[in-house]
Amino acid sequence: MKVSDIYRLAKPRKKGLIHLVFSRFFVILLLLVAQLAVVVRFYDWLIEMAPVFSVLFMGLIAGGVIYLFNSGMDPAAKLTWMFVIAVLPVTGAAMLIFTRMNLGHRSVQRRAAELIDESRHAIRQPEGVLDKLADDASGTYDLVTYLNKGNCFPAYENTEVTYFPLGEDKFAALLEELKKAEKFIFMEYFIIEEGFMWGSILKILVEKAEAGVDVRVMYDGMLEISTLPENYCKLLELKGIRAKAYAPIRPVVSSHYNYRDHRKILVIDGKVAFNGGVNLADEYINRVERFGHWKDTAVMLKGDAVKTFTLLFLQMWNITEKEARFEPFLEDTGFVAEHPSGFVIPYGDCPLDGDKVGETVYMDILNRATDYVHIMTPYLILDGELETAIKYAARRGVDVKLILPGIPDKPMAYALAKAHYRRLVQAGVKIYEYTPGFVHAKVFVSDDKKAVVGTINLDYRSLYHHFECATYMYRTACISDIERDFRQTLEKCRRVTPESIKEEKLSYKLMGQLMQFIAPLM
């Protein structure tokens with residue numbers, strides 16, 4: 001297909017300086033430059049006032065340290081903030097106060113809590129499922145109990161799960177399922193970029209909207225400064241598609257922008273759902289090459305478990321609605337899965353409730369594993385708890401293997417991942433890097449019984465600051481496909497060894513060590 005034949009609503013955007021300007025690194029650099037500029041500008045005056053400022057700085061540092069020690073913040077984040085305040089007392093203290101006050105964010109936090117509370121019983125737990133899990137020694141019953149303390153995430157049986165080892169596979173199935181839509185199509189994606197992939201999808205969405213199907217598209221508002229124009233929602237609405245951008249960037253200072261919608265959800269008629277790491281841009285299906293071969297994964301659900309993804313979408317959609325509507329979208333469809341197997345538990349993680357659901361699920365798998373835990377992740381920026389859980393699993397004899405990118409998309413994140421290598425390898429963890437390119441998959445598979453495929457990376461952004469979602473599977477037929485894909489991917493990887501760690505580029509070593517000071521802010 002020619003570029004001119006791609007279905008588009010907007011003109012192609014050029015990438016460049018704007019990505020740097022809105023990056024977290026740029027903000028940190030800007031703070032440093034601002035403080036240095038103040039020092040240079042008022043040098044003589046500051047010399048005269050040095051005794052006063054010395055007392056002020058000591059007060060800010062002491063106050064910040066006391067506050068951090070008594071806060072419920074992650075220990076690594078506490079150390080990072082202590083470092084920032086020690087180096088930049090005024091700016092660091094101001095930033096800490098600003099982020100903890102959550103200016104411009106509390107209303108969203110309250111609304112999200114209201115919606116979760118309103119929909120806590122929106123989906124009934126299918127009868128008999130929990131009884132079967134209670135009699136099982138896997139610990140899955142305990143996990144389901146935990147997940148439902150704060151939200152509505154039932155366990156299901158009548159669900160068929162198909163695993164896609166590549167974005168291209170998901171894309172082909174997605175197009176076929178979209179063509180079958182009769183009532184509604186709900187899409188929530190972190191990244192959408194006009195091109196072959198999105199154009200092919202958009203063409204079907206427009207046709208379905210014209211046929212009377214309720215089509216809704218929601219994407220993260222950060223796209224309005226990266227891949228999509230600010231008026232893209234209006235362009236979609238002109239085609240009959242209801243559209244929203246979550247937390248679009250505005251010229252107003254707010255900590256609200258720190259919480260991004262990283263989910264990837266597609267729901268069709270309440271019967272079919274897609275979830276996984278694949279966004280809607282051409283690199284995800286290897287139509288264009290950015291960092292070598294793009295390795296990603298996804299799952300397709302057919303059956304009762306689709307309801308949870310419908311609920312997750314509606315909870316996000318209704319954040320900006322005065323009145324929330326969950327019905328009739330959660331009604332029983334009467335759909336019977338052709339080849340159901342095992343138990344399926346879709347779940348979401350909300351950064352506004354203080355509960356680290358994504359990390360807890362991963363740690364539950366690590367702590368209960370008896371044979372192996374195999375992991376694919378694009379990033380490895382771990383807090384102390386998760387690193388300890390990974391090392392403990394390896395030390396007690398579990399075969400823990402991690403596959404990470406061989407070609408990074410973010411050099412600083414890559415360097416931070418490598419900063420963990422030595423400690424993990426010493427504990428017996430086996431680490432591999434995907435030589436053909438970039439791994440964007442977020443996969444855990446364990447003991448031929450359990451697996452998670454979703455959007456949750458092993459980094460602070462996913463575990464603490466993003467809206468996320470995933471599919472937890474226990475004894476589903478596709479788990480063998482997931483493990484097979486892991487082993488086949490492993491054949492294309494290089495092993496990280498103590499020798500390779502020693503021979504690592506000096507630039508990565510230095511960058512990784514330095515960036516660990518601010519890892520929780522990455």
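1. A word on naming comes before the rest: helices (H or I, at least four residues) and strands (E, at least two) are DSSP runs, numbered from the N terminus. With that numbering, P328 lies in the loop between α13 (306-317) and β10 (343-349). The model is a predicted one.

2. Overall make-up. The protein's secondary structure consists of 20 helices and 18 strands. The chain has 522 residues, of which 56% count as buried. Among contacts in the protein with a separation of 6 or more, 81% are between residues 24 or more positions apart.

3. Nonpolar cores. The largest nonpolar core contains 162 residues, and W198 and I201 have the most contacts inside it. Helix α11 (residues 196-210) supplies the largest share of this core, nine residues. Beyond its neighbours within four places in sequence, I201 is in contact with F171, L174, L175, L178, M187 and L280. Another core, of eight residues, lies apart from the largest one; A77, W81, V84 and L96 are among its members.

4. Helices α14 and α15. Two packed helices are described by the angle between their axes and the distance between the axes. For α14 (residues 357-368) and α15 (residues 384-395), the axes come within 9 Å and cross at roughly 15 degrees. Angles under 35 degrees count as roughly parallel, so α14 and α15 are roughly parallel to each other. Their crossing is left-handed. On the α14 side the contact is made by E359, M363, L366 and N367, and on the α15 side by E385, L386, A389, I390, Y392 and A393. By class, this contact of α14 with α15 has seven nonpolar, one polar and two charged residues.

5. Helices α16 and α20. How do α16 and α20 lie to each other, roughly parallel or roughly perpendicular? The axes of α16 (residues 411-426) and α20 come within 8 Å and cross at roughly 85 degrees. The two helices are therefore roughly perpendicular to each other. P411, M412, Y414, A415, L416, K418 and A419 of α16 meet Y508, M511, G512 and M515 of α20 in this contact. By class, the contact of α16 with α20 has nine nonpolar, one polar and one charged residues.

6. Two buried residues. T297 sits in the loop between β8 (293-295) and β9 (298-303), and counts as buried at 0% relative accessibility. Not counting residues up to four places away in sequence, T297 touches Y163, F164, P165, G276, G277, V278, M376, A441, K442, V443, V453 and D485. I518 lies in the segment after α20 (506-515) and counts as buried, at 14% relative accessibility.

7. Backbone points to check by eye. Most residues other than glycine have a negative phi, and most peptide bonds are trans. A cis peptide bond, with omega of about 5 degrees, joins E327 and P328. N286, not a glycine, has a positive phi of about 60 degrees. N286 is in the loop between β7 (272-276) and β8 and is partly exposed, with a relative accessible area of 24%. R475 also is not a glycine and has a positive phi of about 60 degrees. R475 lies in the loop between β17 (466-474) and α18 (479-490), and counts as partly exposed at 45% relative accessibility.

Methods:
Residues numbered from 1 in each chain as written. Predicted model: local features only at pLDDT ≥ 70, side-chain atom pairs only at ≥ 80, totals over all residues. Heavy atoms only, no water. Axes fitted to C-alpha atoms, helices over the stretch in contact; angles between N-to-C directions. Parallel < 35°, antiparallel > 145°, perpendicular 65-115°, else oblique. Left-handed = near helix turned anticlockwise from the far one by under 90°. Contact = heavy atoms within 4.5 Å. Nonpolar A, V, L, I, M, F, W, Y, C, P; charged D, E, K, R; others polar. Core = buried A, V, L, I, M, F, W, Y, C linked by side-chain atoms within 4.5 Å. Buried < 20%, exposed > 50% of the residue type's maximum accessible area, 1.4 Å probe, protein only.
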